[in-house]
Amino acid sequence: EKCARICHSSKNWLIKILHKKLDSTLEMNLKEGDKLPSHEELTQELGVSKASLREGLQQLSAKGIIRIKHGLGTIVATPQISNYLKILSPRLITKGTTLSDLFEARKYIESITVANAVERGDAQDFKELESLLQAMDTALKENNTEAFLRKDVEFHSCIAKAGKNLVLQELLNILNELLLFHENLTQRMPGGIEKARNYHQQIFEAIKNKNNEKARRIMEEHIQDVQSQRMADLIIYCDALGTGSVAGTFFSVGSALSKVINRYSWLKAKAELTGGGIENVILTGQKRIALGITQSDVAINAYRGSREFAESYSNIRAVCGAHQLDIQIFALKKNKIETIGDLKGKKIALGATGGDSQWVSRIVLESYDIAETDIMPQILSISNAIEALNEDKIDAVFYLSGGASSALSAFSKKTAISFLPIETEKLHDIIEQCPYWTYSAISPNTYPQQNVSIPTLGVPCILITHKEVGEDAVYSVVKSILEHTDEIAEEHPAGAEYCFKNSLRGVTIPLHTGAKRYFEEKKIITPEFKNGCLSGKSHLIVF
């Protein structure tokens with residue numbers, strides 16, 4: 001019923017239709033974890049295009065009604081109230097929420113949750129709170145600030161849970177998520193953490209002794225004390241991980257990274273749809289997202305303010321190396337387009353707005369003496385490009401992908417396509433011009449009916465952040481990702497590349513201090529790095 005009210009109030013007609021479809025699937029006794037019909041079946045039944053279907057499904061996924069899992073399809077999920085309340089975050093961000101706003105809201109909410117805990121808390125709640133206090137003591141003895149702060153947040157969440165009001169509990173979680181990505185996350189005055197531990201003990205005793213007035217007073221004093229140790233008011237920005245279109249690698253991998261970060265750090269990340277690498281740099285530079293995936297060449301050009309960037313984004317920093325993308329060039333087999341040279345005079349999809357495919361595509365075409373005036377360029381997302389190719393509205397597609405594209409895999413199962421190789425000589429010339437790119441190949445059987453290796457151009461990616469994001473926060477992100485590679489790979493094959501071996505691959509801009517600290521501890525930073533940035537090649541920045 002909650003899903004129905006939200007979906008029916010949506011202005012997106014497709015969400016309404018899809019919700020009706022989900023209602024009918026539930027009548028078929030589908031339960032959480034069951035798989036929905038294929039995209040082909042849904043498009044036919046709903047009478048919509050695949051691109052529109054994917055957009056609608058993604059919005060339902062954001063609301064927790066379904067889960068989209070790479071290689072498994074669309075899975076029925078059980079929506080949680082938090083899925084809907086989290087929609088508040090972007091709204092608060094765009095309004096320019098300040099620290100004072102957030103702490104004031106937190107004080108009001110926690111004065112109620114602690115009072116509720118006094119009235120409604122039971123023996124099990126007291127046991128959990130006491131266990132968290134002991135864990136904080138252990139963290140203090142080990143001088144582990146990160147562990148202490150995790151237990152600190154859990155302690156406040158446990159009090160809200162003891163208050164037995166789910167709405168207040170989820171609202172408190174949202175406020176904590178917004179506060180946690182503030183740059184001054186872990187910087188407290190000397191003795192600040194010990195002070196917090198003392199407040200926690202007093203709050204616990206007041207709850208256990210059923211002293212309502214004292215519990216509220218100490219909670220408000222505690223929150224005021226924490227606020228006094230923070231920096232002056234700054235705008236709070238979204239804790240989003242910028243990713244590309246729903247059919248692309250960026251989104252699939254970004255969703256996997258978010259899960260690992262959420263599971264193994266005290267931070268909260270969620271994948272947000274964007275136009276791709278170029279837009280991610282802009283959003284990161286403007287502090288509108290905390291993390292973004294982009295290509296090495298995009299990062300260096302953004303940092304310098306060159307190529308497609310009219311201004312310098314010198315405030316972006318590298319977190320770690322990411323997966324590699326390959327430029328995949330394909331056409332319908334029936335049209336007998338077999339080489340890149342055959343593309344002169346053709347309608348070609350060069351990539352989506354906000355992505356790097358357009359630039360890579362143009363340079364590849366130029367190596368074959370094909371100028372943009374020699375073709376009819378189309379700027380389309382991969383979903384729309386495949387749809388246009390199928391309808392003979394375009395002749396070929398250039399697309400950057402890390403491994404197989406789910407949209408192209410589905411399409412090539414029923415339609416014969418030809419992949420166009422890039423000749424070795426041309427690759428050599430391109431890499432001489434752009435040394436941040438590499439030789440690569442689309443491995444045999446990456447796609448149905450593709451049984452030979454296709455030589456192509458590799459474009460390494462990196463994970464980026466803003467320089468003002470807290471050092472401990474970025475340290476925790478790097479640690480979570482690089483120490484849980486297998487779990488990222490379970491979600492998407494390209495996740496296997498988020499490993500120690502590739503941790504500095506493609507890093508063309510300075511490392512964030514939190515990332516540098518982690519790499520130094522693990523002895524990963526090598527002599528090629530000078531002041532946190534890969535050197536030794538003319539295109540890279542050295543400080």
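**View 1. Lys-210 is found in the loop that runs between helix 11 (192–208) and helix 12 (212–228).** In this predicted model, the backbone angle phi of Lys-210 is near 60 degrees, which is a positive value in a residue other than glycine. Most residues other than glycine have a negative phi. With a relative accessibility of 43%, Lys-210 counts as partly exposed.

**View 2. Lys-523 is another residue with a positive phi, here about 55 degrees, although Lys-523 is not a glycine.** Its place in the chain is the loop between helix 22 (513–521) and strand 13 (529–530). The relative accessible area of Lys-523 is 73%, and because a residue counts as exposed when this value is over 50%, Lys-523 is described as exposed.

**View 3. His-200, a residue of helix 11, is buried, with a relative accessibility of 0%.** Leaving aside the neighbours within four places in sequence, the residues in contact with His-200 are Leu-133, Met-136, Asp-152, Phe-155, His-156 and His-222. With one of these, His-156, the side chain of His-200 makes a polar contact, side chain to side chain, at 3.5 Å.

**View 4. The largest nonpolar core of the model has 74 residues, and those with the most contacts inside this core are Leu-457 and Phe-519.** Strand 6 (residues 316–332) supplies the largest share of the core, namely nine residues. Apart from this core lies another one, of 29 residues, which includes Val-118, Leu-129, Ala-196 and Ala-215. In soluble globular proteins, nonpolar side chains tend to be buried together.

**View 5. The surroundings of Phe-519 can be followed residue by residue, when those up to four places away in sequence are not counted.** Phe-519 touches Val-319, Cys-320, Val-478, Leu-482, Ser-503, Leu-504, Leu-511, Ile-524 and Ile-525.

**View 6. Lys-164 and Asp-122 form a salt bridge, in which the closest N and O atoms are 3.8 Å apart.** Lys-164 lies in the loop between helix 9 (145–162) and helix 10 (166–180), whereas Asp-122 lies in the loop between helix 7 (99–120) and helix 8 (123–141), so the pair ties together parts that are 42 residues apart in sequence. Both partners are described as partly exposed: Lys-164 has a relative accessible area of 43%, and Asp-122 has a relative accessibility of 33%.

**View 7. Arg-263 and Glu-487 meet through their side chains in a salt bridge, with a distance of 2.5 Å from N to O.** Arg-263 belongs to helix 13 (residues 249–264) and Glu-487 to helix 21 (residues 485–491), and the pair thus links distant parts of the chain, 224 residues apart. Arg-263 is partly exposed, its relative accessible area being 47%, and Glu-487 is likewise partly exposed, at 22%.

**View 8. Glu-497 forms a salt bridge with Arg-505, and the closest N and O atoms of this pair are 2.7 Å apart.** Glu-497 has a relative accessible area of 21% and is partly exposed, while Arg-505, at 23% relative accessibility, also counts as partly exposed. Elsewhere, salt bridges that share partners join Glu-471, Asp-472, Arg-517 and Glu-521 into one network. A search of the whole structure finds 20 salt bridges.

Conventions. Residues are numbered from 1 along each chain as its sequence is written. This is a predicted model: local features need pLDDT of at least 70, side-chain atom pairs count only at pLDDT 80 or more; totals for chains, interfaces and linings use all residues. Side-chain values use heavy atoms; hydrogens and water are left out. A nonpolar core is a set of buried Ala, Val, Leu, Ile, Met, Phe, Trp, Tyr and Cys residues joined through side-chain atoms within 4.5 Å. Buried means under 20% relative accessible area, exposed over 50%, partly exposed in between (1.4 Å probe, protein chains only). Helices (H or I, at least four residues) and strands (E, at least two) are DSSP runs, numbered from the N terminus. Contact means heavy atoms within 4.5 Å. A salt bridge is a side-chain nitrogen of Lys or Arg within 4 Å of a carboxyl oxygen of Asp or Glu. A polar contact is a pair of N or O atoms within 3.5 Å; within protein, one must be able to donate a hydrogen and the other to accept it, and residues adjacent in sequence count only if both atoms are side-chain atoms.
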